[in-house]
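These are my notebook entries on a single protein chain. I set down what I looked up, entry by entry.

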Amino acid sequence: MNWLISFLLFFSSLNGDEFLWGVSISEYQNSGADRIPNCNWAEWEKLGNPYIVGAQKSGQSSRHYDQYQNYFPLFDELGLNAFRFSIEWALVEPEEGKFDLEVIEHYRQELEALNRRGISPMVTLHHFTDPTWFSERGGWEKEENIPLFTRYCAKVFESLHEGSRLWCVINEPNAYSFMGYFLGAFPPGIQEPQKMGEVLANMLKAHVAVYKTIKPIDPDAQIGFVHAYLTFEPYHWWNPIESIPCSYLTHLFNEGELQFFKEGRFSYYAPFVADVNFEDAEAVDAYDFIGLNFYSRALISMVASTQVLDSVCYPDEVMTDMPFAVYPEGLYLALKDLSTFGKPIYVTENGAPDHRDDRREMWIKGYLAAMHRAIDEGVDVRGYFYWTLVDNFEWAEGWNMEFGLYKMNNDGSFKLKEGSKAYQRHIRKQRGLVNN
Ligand code: BGC
């Protein structure tokens, strides 16, 4: 009988370490302002044009919060074994210091339902949205607000850690701070590089504080940071008018955050406009994995384009609906770069905005091949989460950017897009599932 028990244990340990094939969503993008009216994004939506293209509304989106069960048949159809979603701070803590236990119980049930179906959850504690009360207190601009976030994370983690092994603290501190404080395209709409640096620094400090608070509660939990990996590259490599701003932008957006986690040193500098520095040696041990969100690169041309900072593509490249090209090589390069950190990596987001559904298949095949190439060369990638399951509210772009593997019909049913079948076939082959 011993051999049977050993076999079962061996098998279950294999299963536990199985590569994760998933999809990624965020609560606000998939549940909308009708469900979450008390956050910074619901307020931002009220401003309409030009802050949100065409003054579109997120409404109820695809009702993740209330009807998450409707996603389950889609997981089965795709053959997934993982699902990344975010918990909404504004729902959990609608008023400062007052936690809604029903909301926490709701999330506990969702985690339980996922586990019962053999779907490994990956939970994100912050995905771009802040409760209105937090914004009113100065949000991430104030270092003294960090304990407010830590308290929320501790409450959620204490209550829910048994339901999920994988936790992401903050989704893309670099993109949150860049969009909100450098470009001003996200709330609070500020265009001050120095402020971006201060906000980013506070978010990185918050990550470390959260990790140190929650890790001891459950040392088996795997807690990571999620980075938007984006480099800015000159279209004409010989042109300093392009290459100099690109190297600063790559430094501010990409390198500062990564250097912090690699070396415990945050430096953020651009002449005359920004200078933020601090050190925290504990940062290098304040994460168990890296979450990589990779889409493409920003190829900047001051000559071929009329707009400063407009991103273009080379003639032999295929553009998506956003100003970035299909660029699988970039995922390979990013994985190789991050492999030097010596921690496991999950591709926590990757996907194409493609309203015609005529580039999605090419995207999926190219990026998955690039990831497998990195894995074959020894990079420790543990999972891949496609962004996203169903067309959702793409922030300032509203409904115009269709990243979904599925389209939602007017009657609330979901339809798998043709191009998405490449992902379905890939997962089924990799997981040895029979074709449906
Ligand atoms: C964000 C998502 C967003 C996606 C596509 C990522 O930076 O985490 O919320 O929808 O990019 O733009």
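**Entry 1: an open sheet**

In what order do the three strands of the open sheet stand, and what is the sense of the pairing? I worked from a predicted model, and I read the order as S6-S10-S11, with mixed pairing. I then looked up the edges: strand S6 (232-234) and strand S11 (311-312) each have a single partner strand, so one side of each is left without a neighbour in the sheet. I followed S6 to strand S10 (residues 298-300) and found that the two run parallel, joined by three bridges. Within this pair, I noted Phe 232 opposite Ala 298 in S10.

**Entry 2: a hairpin**

I turned next to strand S7 (residues 265-270) and strand S8 (residues 274-279). Their pairing is antiparallel and extends over six bridges. I looked for the partner of Arg 265 and found Glu 279 in S8. Three residues lie between the strands of this hairpin, and Phe 272 has a positive phi there, near 70 degrees.

**Entry 3: cis peptide bonds**

One joins Asn 49 and Pro 50, with omega about -5 degrees. I placed Pro 50 in the loop that lies between helix H3 (40-46) and helix H4 (64-67). The other runs from Pro 187 to Pro 188, and its omega is near 5 degrees. I placed Pro 188 in the loop between helix H10 (173-181) and helix H11 (193-214).

I looked up Ser 61, a residue other than glycine, and read a positive phi near 45 degrees. Ser 61 belongs to the loop between H3 and H4. Is Ser 61 buried or exposed? I count Ser 61 as buried, because its relative accessibility is 11% and the cut-off for buried is under 20%.

I then looked up Glu 172, whose phi is also positive, near 50 degrees, again in a residue other than glycine. Glu 172 sits in the loop between strand S4 (166-171) and H10. With a relative accessibility of 8%, Glu 172 counts as buried.

**Entry 4: Ile 241**

I located Ile 241 in helix H12 (residues 240-263). Its relative accessible area is 55%, so Ile 241 is exposed, the cut-off for exposed being over 50%. I also checked Ile 241 against Arg 425: the two are 184 residues apart in sequence, and their C-alpha atoms are 45 Å apart in space.

**Entry 5: the whole chain**

The protein chain holds 15 helices and 15 strands. Its C-alpha trace spans about 70 × 50 × 45 Å along the principal axes. How does the radius of gyration stand against that of a compact globule? For 436 residues such a globule would have a value near 22 Å, and I read 21 Å for the protein chain, which agrees.

Of the 436 residues, 58% count as buried. Among contacts with a separation of 6 or more, 73% are between residues 24 or more positions apart. I noted an accessible surface of about 18,100 Å², 54% of it belonging to carbon and sulfur atoms. Lastly, I looked up the charges: there are 37 positive and 61 negative, and their mean positions are 4 Å apart.

How values were computed:
Residues numbered from 1 in each chain as written. Predicted model: local features only at pLDDT ≥ 70, side-chain atom pairs only at ≥ 80, totals over all residues. Heavy atoms only, no water. Helix = DSSP H or I, 4+ residues; strand = E, 2+ residues; numbered from the N terminus. Rg over C-alpha atoms; globule rule 2.2 N^0.38 Å. Buried < 20%, exposed > 50% of the residue type's maximum accessible area, 1.4 Å probe, protein only. Contact = heavy atoms within 4.5 Å. Areas by Shrake-Rupley, 256 points an atom, 1.4 Å probe, with all protein chains shown as cover. Lys, Arg positive; Asp, Glu negative; His and termini not counted. Charge placed at Lys NZ, Arg CZ, Asp CG, Glu CD. Pairing = 2+ DSSP bridges.
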